[in-house]
There are 2 protein chains.
Amino acid sequence: MHAQAYFEPTCERATQLEGLLSSAIPELVRFVNHAEQERSQHGSSRSLISDNDHQISLVNPLSKSRESLESTLRSNGFLAVDEEGSGAQGIQRLIESLLKFSVNPSAPGFLDKLYAAPLPPGIAAELILGVLNTNLHVYQVSPVLTLVEKHVARALANMFGLNGPRSGGISVQGGSASNMTSIVVARNTLFPETKVEGNSAVKGQLLLFTSAHGHYSIEKAAQALGFGSSSVIPVPVDTSGRMLVSELERLVIEAKRQGKVPFYVNATAGTTVLGSFDRFEDIHKVAKEHKLWFHVDAAWGGGFVFSADSELRRTLQRVDLADSVATNPHKMLGVPVTCSFLLAKDLQTFQKANTLKAEYLFHDDNDETAQRRDLANDNAPGSDDEAPEDDWSEPYDLADLTLQCGRRGDALKFFFCWKYYGTSGYSSMVDAAYQNACHLATLVAKTSDLTPVLSEGSAPGCLQVCFYFTPGGKFTYGLLEEPGRIAVRTSRSEQTAERTQMVRIGKFNSQVTSSIAKALVPRGFMIDFAPALEGQEDQGSFFRVVVNISTVRKTLERLLQELVSVGTSVVANIPVDAGRVRF
Amino acid sequence: MHAQAYFEPTCERATQLEGLLSSAIPELVRFVNHAEQERSQHGSSRSLISDNDHQISLVNPLSKSRESLESTLRSNGFLAVDEEGSGAQGIQRLIESLLKFSVNPSAPGFLDKLYAAPLPPGIAAELILGVLNTNLHVYQVSPVLTLVEKHVARALANMFGLNGPRSGGISVQGGSASNMTSIVVARNTLFPETKVEGNSAVKGQLLLFTSAHGHYSIEKAAQALGFGSSSVIPVPVDTSGRMLVSELERLVIEAKRQGKVPFYVNATAGTTVLGSFDRFEDIHKVAKEHKLWFHVDAAWGGGFVFSADSELRRTLQRVDLADSVATNPHKMLGVPVTCSFLLAKDLQTFQKANTLKAEYLFHDDNDETAQRRDLANDNAPGSDDEAPEDDWSEPYDLADLTLQCGRRGDALKFFFCWKYYGTSGYSSMVDAAYQNACHLATLVAKTSDLTPVLSEGSAPGCLQVCFYFTPGGKFTYGLLEEPGRIAVRTSRSEQTAERTQMVRIGKFNSQVTSSIAKALVPRGFMIDFAPALEGQEDQGSFFRVVVNISTVRKTLERLLQELVSVGTSVVANIPVDAGRVRF
């Protein structure tokens, strides 16, 4: 039919695969090993500043500006895709550049994000998923991986106290997607008519509640799902970052009085910035009273289910009251990115919310299954409390439960790690990490040039420790001769003068913070910082150091030494000119 | 603070990784190699039926019922997670079971889904992504992978004719998610007030149009995004499965007359079942006239951009008119699942649609960037045609463009394959695959026991070939003595009698089809089938054989031989009892 010459595909995949892997693996092992070597050096007094003999893992990627990196990778041909393939040798060169210019999350000084060094069994699982190359939409093509997902999700749900015959979960492609899916399930369960008619089937604006410190994915999802960002009501928090449940209740009642329709509340187990845990039992009471779906975003703090420390486990007390729980083993539990689960005590809600007829894909074994799908599509799901359990047989074609059709078998990565280390291995890792976070918090409190963000004596909420650099116990705006004058002079109106002044003063501290974070990179540390808390705008941004399950104490001790040293030098070199500071 | 003993984490990740990989790799290579060996046997007359000496790749996983597989994996301890870890040896045992009971997509006979054998450079990239373990939300932690994503997405966009300074794309976690993202971008661009106020900001129901053969993810997304499934208007198709553009226009006009608000049309490049390509230029005319966002779902057929055959490339003619294009290199292009891109000629729409302030994450380098984000958040995006290009500087913190926050660097997998084989390598693979599909279609047309679904002489729309098993040229309901009587007898009303009759007759053929598909598995072939087309319910379901870039002709020839042989035997063994058939 076509005039072109025909070339029979050759059959060299096994050979190609072996060749690529055997040359890549030594490089990859060296990459991990190199980062680990740094850990032992944190105990020595030797400077970690990079030199020719000793290259710090984090230096290469971050010492270059983006423009300069892009230009390097353009000029060496890395970024170009060409007419002719470069084969195995070309890939080998790519890998070299890739490793050279990538941030190495295995480096001990990578304390920047809620994920860090990937655990080896998880990495092995990535490779296997590549070879198995399957799709968890239907059981037929992914029998074992489907069973792995179901079993590992149920085992995890059980750890959260989500028991019962319909408990379990699905793996989702990230925390934002898990949170989004929970909102879809909530809406479709509480207002099944919206599946056909859309949000407008409900009279009155549908509202979602989350704490002011909750993750921004709730707002992003609300925008996507057609509620609009105005539908997300931020509930104020206490000084440790926990949702004020009395405020939640007040806001819900007020909204109802205005004819709006509260339907969803998100509580957080481990907020992004301060690591605080909301009070699930209290929030659940409000949710129950007002018939809200009760979701817990445990993307970060959910790892504490593995703790053997009863005090630490108490952070998750009564999380089992949740209708759905999102948790990301790719964060605290060291599983390679991405690995996230949405768990629930009743998976049938997921199916009713997400099922759609797609007969080309789902081949029902018998009419009964088809009828169940019909039922789930056409009928309004009500309260199922009284329905006998065996009314529902759980689906094995998992796309019936999810927003996605094709999905990667990410559950295998967590499964491999859990099998390799066992529940007790994870317990030790999580508990050691928290003890290290406490150790860091104690050190911060003892260091005269640092000031904790949480009130004195507070243990860290989760694995992150937040603090300001305050040389000699003072915030650095003390360096400004007349900070007030500068600020007020630039404000546009008398009313906003005070806040503007706070913000401008805070901005100075923020710049100091950001300069210190940058200067720490050549010393082998990447730490993040967060913007000023509400009401503390004059203090500006602060450091957030995230301890992980591979962190050792010497690294944390070394970090504080380096930070104070770098900070002192940053402040000493600020060009102050008649009360105006230039950076 | 806690009484528990503290155990310093040990530092053996490099060693653990090396151990796990070195024992896994021979197994994985053998898994791929074993599948490839089958290919050479397709030319021989030897039976492929599994015996002890010769185990067919697809047999193990599918010879067991789900219950039996689950029970095997329970009893050998595979599925349990224990208190104590099983270490490297435990993982080795897991891998053995995993490979034994998994469908091997590298098997030549795996012709079931739109993805198949994964290309080795893509597998190597999976492993590297595991080690790099990063997250493409911000540039700071993923400098090279961010640049790879941007460059490969732009190179791909350019192949689709999406040029210009703002063209490019993002990698998304699958085709459904890409389609969903396109709908969010469309709505937020055309009705920016919905970002704050939700769908109800628009008076009149928002409507989406897609062909009756379009992917169900459009309907799934419409449900999730708060439009409801009633907002998706299926446009009828012609006999080859292409959208009838005149019907689209009529339906749009009719909807507007009813006060509804059409805003989005999805055209398909390669439908799931028949592989048909819509007429982009004609659909674009309607979209432009009625101010609809014009999306092309090229998840499957998008691979044809690599074709060197001008006739084949014509299937994608004027795809460059699209506002957004979804395409999945994990389908036709052999990249491991998942790898999907949403491409566009103006990426600024993605940012305006998806950006949210999340200052803890995005640290703007300067006030200007922050202002741009403010602007994108607060201002209504209008037509930007007249704005100077340099008004917008493209973001490198990619989470600003996506619905997800954390994302895996899936673009690397496609990048490695493209670099390894080059554009010309991909051209040869895609063209050979299409020639093989044509070869199969020709063979089907020549085989007296098979009947093509598409009208005689039609070349396949894409890489799949659809046909019925019709022994001796007849549909198998001919086997029923009085098919009409049976059907009418069971219909509930006179009005529906004819359709019921067609459906019941079709059901008979469908059962034959499904039985043949099952019986082919032990012969080393997995092929899928699709439900009866509208208006052809009496013919029932039909086979859909998906050729892939690794398929060789002998496999296809062998498949048809086996299918006819199996089919003849299935039909001969149907227990017919006074005009009633039992399976």
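Predicted model: local features only at pLDDT ≥ 70, side-chain atom pairs only at ≥ 80, totals over all residues.
Which residue of S10(A) does A:Leu450 stand opposite? A:Leu450 faces A:Phe469.

1. Five strands, in the order S1-S11-S12-S10-S9, form an open sheet with mixed pairing in chain A. Its edges are strand S1 (110-111) and strand S9 (450-452) of chain A, each of which pairs on one side only. S9(A) and strand S10 (residues 464-469) of chain A run antiparallel and are joined by 3 bridges. As background, the strands of a sheet pair through backbone hydrogen bonds, either parallel or antiparallel.

2. **Helices on the sheet.** Helix H15 (residues 411-446) of chain A lies across S9, S10 and strand S12 (542-546) of chain A, and runs at about 15 degrees to S10(A). Helix H18 (residues 553-572) of chain A also packs on the sheet, where it touches S1, S9, S10, strand S11 (526-530) and S12 of chain A. The direction of H18 makes about 25 degrees with that of S10(A).

3. Over all chains, a search of the whole structure finds 36 aromatic pairs. One of them is A:Phe467 with A:Phe543: the ring centres are 5.7 Å apart and the planes stand at 40 degrees, so the pair counts as tilted. Because A:Phe467 lies in strand S10 of chain A and A:Phe543 in strand S12 of chain A, the pair ties together parts that are 76 residues apart in sequence. Both A:Phe467 and A:Phe543 are buried.

4. **Aromatic pair in chain B.** The rings of B:Phe306 and B:Tyr426 have centres 5.0 Å apart and planes at 45 degrees, so this pair is tilted. B:Phe306 is in the loop between strand S6 (293-297) and helix H12 (310-313) of chain B, while B:Tyr426 is in helix H15 (residues 411-446) of chain B. The pair links distant parts of the chain, 120 residues apart. B:Phe306 and B:Tyr426 are both buried.

5. In chain A, one aromatic cluster is formed by A:Phe306, A:Phe341, A:Phe414, A:Trp418, A:Tyr420, A:Tyr421 and A:Tyr426. Apart from neighbours within four places in sequence, the contacts of A:Phe414 include A:Val152, A:Leu156, A:Pro329, A:Leu333, A:Val335 and A:Cys339. In soluble globular proteins, nonpolar side chains tend to be buried together.

6. **Helix H4 of chain B.** Among the buried residues of H4(B) are B:Ile91, B:Leu94, B:Ile95, B:Leu98 and B:Leu99. B:Gly87, B:Gly90, B:Gln92 and B:Ser97 are buried too. The cover over these buried residues includes helix H5 (120-132), helix H6 (143-159) and H15 of chain A, together with helix H1 (13-41) and helix H3 (66-75) of chain B.

7. **Cis peptide bonds.** A cis peptide bond joins A:Val337 and A:Thr338, with omega about 0 degrees. A:Thr338 sits in the loop between strand S7 (324-327) and strand S8 (340-344) of chain A. Chain B has a cis peptide bond between B:Val337 and B:Thr338, with omega about -5 degrees. B:Thr338 is in the loop between strand S7 (324-327) and strand S8 (340-344) of chain B.

8. **Positive phi angles.** A:Lys291 is not a glycine, yet has a positive phi of about 55 degrees. A:Lys291 is in the loop between helix H11 (280-289) and strand S6 (293-297) of chain A. With a relative accessible area of 66%, A:Lys291 is exposed. B:Asn133, also not a glycine, has a positive phi of about 35 degrees. B:Asn133 lies in the loop between helix H5 (120-132) and helix H6 (143-159) of chain B. At 1% relative accessibility, B:Asn133 counts as buried.

9. **Chain A overall.** Chain A contains 18 helices and 14 strands. Of its 583 residues, 63% count as buried. Among contacts in chain A with a separation of 6 or more, 74% are between residues 24 or more positions apart.

Terms used
Residues numbered from 1 in each chain as written. Chains lettered and ligands numbered in written order. Heavy atoms only, no water. Contact = heavy atoms within 4.5 Å. Helix = DSSP H or I, 4+ residues; strand = E, 2+ residues; numbered from the N terminus. Buried < 20%, exposed > 50% of the residue type's maximum accessible area, 1.4 Å probe, protein only. Pairing = 2+ DSSP bridges. Axes fitted to C-alpha atoms, helices over the stretch in contact; angles between N-to-C directions. Phe/Tyr/Trp six-rings, centres within 6.5 Å; stacked < 30°, edge-to-face > 60°.
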